[in-house]
Amino acid sequence: MSRRPARRRSRKADGTEQLLLTLGGLVIVAAVIAAVVDFVRAHPWVPIVLVLLVGGAVAAWMAIRQRAARWERVRSQGLRYALTQLDALHHRQFEHAVRDLMRRDGCADAVQVGGAGDNGADVKATDPYGRRWVIQCKHRRAGLSGAAVGTPDLQVLNGTGRPVHKGDVVVLVTNGRFSKPALDFARPQRLHLVDRTMLGEWASGSRPLWELLRAVPSPRRPPSA
């Protein structure tokens, strides 16, 4: 019975300490605010200089962003790749090149997503007509002489391109070639194949991929202005 009052006194003491700390903090804050106000009154030019400096920094940052955006538009519009350049890339760089070509064609949201757990997709994009593109990339260091892309890769893409990634246009791009069984598998599954020949035409020219492929789904919406 004798311990309970001691606990009550301890809780009261803790509450008093917290109140004193709070009041002390408020006094310090008030003192700092008063000092700042006194300083500004004595030096009225300081806030003006600070505003000018901040405004100048913001304007410079915006100018840099706008210049970078203009350069990116110019670069993407004139983007071209020769097949020899694509052959020399690492497979991850090849995915980035495909992404950049989709951006060049007007897919502003094109993104490289390939990696562990990508579920068969290396690049995703939405074209100006509202169609969702899901692209798998298969790079061959030996180009046309490399191993042909076979049905196993297409089966993975076919199993995820529409059900998982919600693609309207499901594509496999390679700088090499496809086996005959792969070609036969792709047709009834509505998978679009971009082999070395078509890739060379797409990468070195200015026509978007949907103008080179056959039987692409109809647009979801009119192209943006």
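Reader: Which residues are linked with Lys 180 in a network of salt bridges?

Author: This is a predicted model, and the salt bridges in it number 12. Some of these pairings are joined into a network, in which Lys 180 takes part. The residues linked with Lys 180 in that network are Asp 184 and Arg 187.

Reader: How many residues apart are Asp 109 and Arg 132, which form a salt bridge?

Author: The closest N and O atoms of Asp 109 and Arg 132 are 3.4 Å apart, which counts as a salt bridge because the limit is 4 Å. Asp 109 sits in the loop between α4 (91-104) and β1 (111-112), whereas Arg 132 belongs to strand β3 (residues 132-138). The pair therefore links distant parts of the chain, and the distance along it is 23 residues.

Reader: Is Arg 132 buried or partly exposed?

Author: A residue is called buried when its relative accessible area is under 20%, and exposed when that area is over 50%. Asp 109, the partner of Arg 132 in the salt bridge, has a relative accessibility of 38% and counts as partly exposed. For Arg 132 the relative accessible area is 22%, so this residue, too, is partly exposed.

Reader: In the salt bridge between Arg 220 and Asp 168, which residue is buried?

Author: The side chains of Arg 220 and Asp 168 meet at 2.7 Å, taken from N to O. Arg 220 lies in the segment after α8 (209-212), and Asp 168 in the loop between α5 (151-160) and β4 (169-174), so that 52 residues separate them. Arg 220 has 60% relative accessibility and counts as exposed. With a relative accessible area of 17%, the buried residue is Asp 168.

Reader: What is the relative accessible area of Glu 211, which meets Arg 207 in a salt bridge?

Author: The N to O distance between Glu 211 and Arg 207 is 3.5 Å. Arg 207 counts as partly exposed at 39% relative accessibility. Glu 211 is partly exposed as well, and its relative accessible area is 44%.

Reader: Which element gives the largest share of the lining of the largest pocket?

Author: The largest pocket, with a volume of about 460 Å³, is lined by 17 residues, and Leu 191, His 192, Leu 193, Leu 213 and Arg 214 lie nearest its centre. Two elements give two or more residues to this lining, namely α6 (180-189) and β5 (192-194). The largest share is three residues, and the element that supplies it is α6.

Reader: How many residues in the lining of the second largest pocket are charged?

Author: The second largest pocket has a volume of about 170 Å³ and a lining of 14 residues, with Glu 95, Asp 122, Gln 136, Cys 137 and Lys 138 nearest its centre. The elements that contribute two or more residues to it are α4, β3 and α5. The lining divides into four nonpolar residues, four polar ones and a charged group, whose number is six.

Reader: Which element gives the largest share of the largest nonpolar core?

Author: This core has 28 residues, and those with the most contacts inside it are Met 102 and Trp 133. Two or more residues come from each of α4, β2 (123-126), β3, β4, α7 (196-204) and α8. The largest share amounts to five residues, and the element that gives it is α4.

Reader: What is the phi of Arg 190, which is found in the loop between α6 and β5?

Author: Lys 166, in the loop between α5 and β4, has a positive phi of about 60 degrees although it is not a glycine. Arg 190 is likewise not a glycine and has a positive phi, and with 53% relative accessibility it counts as exposed. The phi of Arg 190 is about 60 degrees.

Note on methods:
Residues are numbered from 1 along each chain as its sequence is written. This is a predicted model: local features need pLDDT of at least 70, side-chain atom pairs count only at pLDDT 80 or more; totals for chains, interfaces and linings use all residues. Side-chain values use heavy atoms; hydrogens and water are left out. Helices (H or I, at least four residues) and strands (E, at least two) are DSSP runs, numbered from the N terminus. Buried means under 20% relative accessible area, exposed over 50%, partly exposed in between (1.4 Å probe, protein chains only). On a 1 Å grid over the protein atoms alone, a cavity is a set of points where a 1.4 Å probe fits but cannot get out, and a pocket is an open set with protein on both sides within 12 Å along at least five of seven lines; lining residues have an atom within 4 Å of a point. Grid points are joined across faces, edges and corners, and a volume is the space filled by probe spheres set on the points. Ala, Val, Leu, Ile, Met, Phe, Trp, Tyr, Cys and Pro count as nonpolar, Asp, Glu, Lys and Arg as charged, and the others, Gly among them, as polar. A nonpolar core is a set of buried Ala, Val, Leu, Ile, Met, Phe, Trp, Tyr and Cys residues joined through side-chain atoms within 4.5 Å.
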